[in-house]
Amino acid sequence: MNGQIALMLGQDGMTSGAIYALLALSIILVFSVTRILLVPQGEFVTFSALTMAAMQSGRPVRLGVLVFGLALVALAMDIVAERQRHRRWTVPRTSLALAAHGLFVVGLGLSVPFDHLGLLVQIGFALLTVVPLGPLIYRVFFQPIASAPSLVLLMVAIAVHVALIGGGLLIFGPEGARTEPFSDSVVQLGPAIIASQTLWVIGVSAALTVALWLFFETSLWGKALRAAAFNRLGAELVGISPVFAGRTSMTLAALIGAVSGIVVAPITTIYYDSGFLISLKGFVGAIIGAMSSYPVAALGALMVGQAESFSTFWASSYKEIIVFTLLLPVLLWRSLRQPSVGDDE
Amino acid sequence: MPAMRPLALSLALAVALVSPALAGVKIGVVTSASGPIALVGIPQKNTVPLLPKTAGGETIEYISLDDASDPTATVTAFKKLVLEDKVDAIIGPSGSPNALGVIGFAAENGVPMLAPVGSASAVLPMDAKKKWVFKTTQNDGLVADLLVSHMVKTGVKTVGFIGTSDAYGDTWAKVLKDAAKAKGIAVVAEERFTRQDTSLMAQGLKITSKSPDAVLIGAPGSSSVLPETTLVDVGYHGKIYQTHGAALQEFLKLGGRKVEGTILAGSGMLVLDEIPDWNPAKKIAVDYIAAYQKLYGVKPATFGANVLDAGLLLEQAIPDALKQGKPGTPEFRAGLRDALEATKELVGAQGVYNMTPEDHSGFDVRGLELLTVSGGQFHLLK
């Protein structure tokens, strides 16, 4: 190993680490607000990457069908819930808007030839298709059991993850996909040559992190989410609806996942089931941050990226083992420092 | 990473009866039409309706099951087919690890098994159990010999290897070492990756730092693309070889410009236009592709032809087996096994089969061509 190889490995680890950090942030966000361990987080990444690939190869975007289907279920659930609560038939506006949006992405996805439109249009449409999945999944699968024990929430999250993988196979097929890089140029940085896509990944991750920080620190919605994460009951007493908090956090998680998918799709082959392993590395970061500290989790995720890159160089057959073994000392240290965590209920 | 994907276990088996139940020969088909190797399994499952419907005056009924790429589910599917449906033979499963797990069960119950898997360890070394197994793909050793002879011819002295960390990569690491040792080529690097890895930069750098004259990539399906594009990205300038696992249209589509000049060995099905008409396999392959395209609107991957060939092998073995007993009896199944083993000069979509008690793959070099990629297409290597 020489300096140049170390530099390239470091840069490679940085790229994956940046993505893991984003996923770790959204996992913590959703967990602290709703107590849901968001196992399907990786699916947002793969779905947006595969949607981009479908558009670029001129195939119709069929993911809209899933969005529309879920939106119809959510609409029906809302109408029934309203009926039970107020004894009259009303159509809640949010879910009607989501259903209309679902119809819009189905229609557009199946008819418009996106391969002739620019990259920005494609990115915009991929976000429009994937991001609504966040609130819809929350509405359909988690909202009815929002107060269930976290173990139940975890089981439902796993079930949703398995169902989404199956749906992904049906919608996107078994083949892996790659998209066109944003630009082909390379940047010469000292002795290392860096593909511009790598800079895109790191830049977008950094920008999203800053944006999230601003959102939580300055906006009313962000403060409401923080309140809900800090003390659920207290937040409810001052008028922050848990449904609103859950829906917003899932929307953010879907947005982060979708953006990650769009930026990594040009540098790797993504399969319909690639998401799990990516989000698992995010989980490792989140656990290093004790499922509560954003900066520590981000740092942990970056470390995971580096550990992965260098351990792959030394012993590629054992790299996953090395990465996941990293968890052991962290967990040990955590449990020594906080001996009585108790149940999280 | 099977240990990390316990969820796959919970995927239910999709059961589909392909034709109505009639008295006659019952053939089970087990494919991995979902899960990690669905790319291999889907064309195989889709080929079932194109298999022969009658043989020796008996109708053939196919019972098709999906094992979701999970070896445990393969065992369950085999048990169901053998114990409940009482099938006379089984075509499948799609994956090498899946196949290795059910050989014992098939042999115990005396059910011939036609495995469309890549790994030669399904039929080699031949023993009392494996004599029930027939393999409808080219043996890895045969492919490796062809690739290594090309390396020798073009003056390659050192070779690096990167393969998947599963049975496919393991087998290829072994056959490459054997073939290279026999021809005096040194294997200087051996790296592994998993299909879902998002970056292979580290492996690519490690191999490049050993600067081998050529690199062989041992990976099935579209996972064969990322190692090659990574090698190009990190500035590797030697020759890149691929196994028959990369012989797919997907490989060209995903790899684009970066896989130009790749050398691989695969069935002639990929370059039918360039195959001379005297090659007996050509007509069967052309007909198969046309029928498949009519049914599904896309061309089949070569994996589908492995199942078609299994059907053709059974079609010619059934009349002989009928002399030994009625379908559904152990005598018939034993007769079927003997008849399969006695297959001589049977033309399939991928080549000509000549089975012997020692060789249950039965391919010779007629089923294999050296191919290269140029202008975004596979071509015969001249």
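Colleague: What do the buried residues of α11(B) pack against?

Modeller: The buried residues of α11(B) pack against β5 (89–91), β7 (133–135) and α10 (302–322) of chain B. This is a predicted model, in which local features need pLDDT of at least 70 and side-chain atom pairs count only at pLDDT 80 or more, while totals for chains, interfaces and linings use all residues. Residues are numbered from 1 along each chain as its sequence is written, and chains are lettered from A and ligands numbered from 1 in the order in which they are written.

Colleague: What counts as a helix or a strand, and what counts as buried?

Modeller: Helices (H or I, at least four residues) and strands (E, at least two) are DSSP runs, numbered from the N terminus. A residue is buried if 20 or more other C-beta atoms lie within 10 Å of its own, exposed if 12 or fewer, and partly exposed in between, with C-beta atoms placed from the backbone.

Colleague: Which residues of α11(B) are buried, then?

Modeller: They are F332(B), R333(B), G335(B), L336(B), R337(B), A339(B) and L340(B). The helix covers residues 330–341 of chain B, twelve residues, and reaches 17 Å from its first C-alpha to its last, close to the 16 Å expected at 1.5 Å a residue. The expected span is 1.5 Å times one less than the number of residues in the helix.

Colleague: Switching to strands. How does β8(B) pair with β9 (186–193) of chain B?

Modeller: β8(B) and β9(B) pair in the parallel sense over seven bridges. Two strands pair if DSSP finds at least two bridges between them. I162(B) stands opposite E191(B) in β9(B). β8(B) spans residues 158–164 and is mostly covered, with six of its seven residues buried.

Colleague: And in what sense do β15(B) and β16(B) pair?

Modeller: β15 (369–374) and β16 (377–380) of chain B pair in the antiparallel sense, over four bridges. T372(B) stands opposite H379(B) in β16(B). The hairpin has two residues between the strands, and G375(B) takes a positive phi near 60° there.

Colleague: Which residue other than glycine has a positive phi in chain A?

Modeller: R35(A) is one, with phi near 65°. Most residues other than glycine have a negative phi, and most peptide bonds are trans. R35(A) sits in the loop between α1 and α2 (41–56) of chain A. R35(A) counts as buried because it has 20 C-beta neighbours inside 10 Å.

Colleague: What about S211(B), where is that found?

Modeller: S211(B) is in the loop between α6 (201–209) and β10 (214–218) of chain B. Its phi is positive too, about 35°, although S211(B) is not a glycine. S211(B) has 13 other C-beta atoms within 10 Å, so it is partly exposed.

Colleague: Which peptide bond is cis?

Modeller: The bond from G92(B) to P93(B) is cis, with omega near 0°. P93(B) lies in the loop between β5 and α3 of chain B.

Colleague: How is chain B divided into domains?

Modeller: Domain 1 takes 2–138 + 284–364 and domain 2 takes 140–266. The bounds come from an automatic or database domain assignment. The C-alpha centres of the two domains of chain B lie 29 Å apart. In domain 1 of chain B, 14 residues are in contact with 18 residues of domain 2 of chain B. Here contact means that the C-beta atoms of two residues, placed from the backbone, lie within 7 Å. On the domain 1 side, α1 (38–47) and α3 (96–108) of chain B each supply at least two residues.

Colleague: How many residues of chain A are in contact with chain B?

Modeller: 27 residues of chain A are in contact with 27 residues of chain B. The largest share of the chain A side, six residues, comes from α1(A). By class, that side has twelve nonpolar, ten polar and five charged residues. Ala, Val, Leu, Ile, Met, Phe, Trp, Tyr, Cys and Pro count as nonpolar, Asp, Glu, Lys and Arg as charged, and the others, Gly among them, as polar.

Colleague: Last topic. How many helices and strands has chain A?

Modeller: Chain A has 15 helices and two strands. Of its 345 residues, 46% count as buried.
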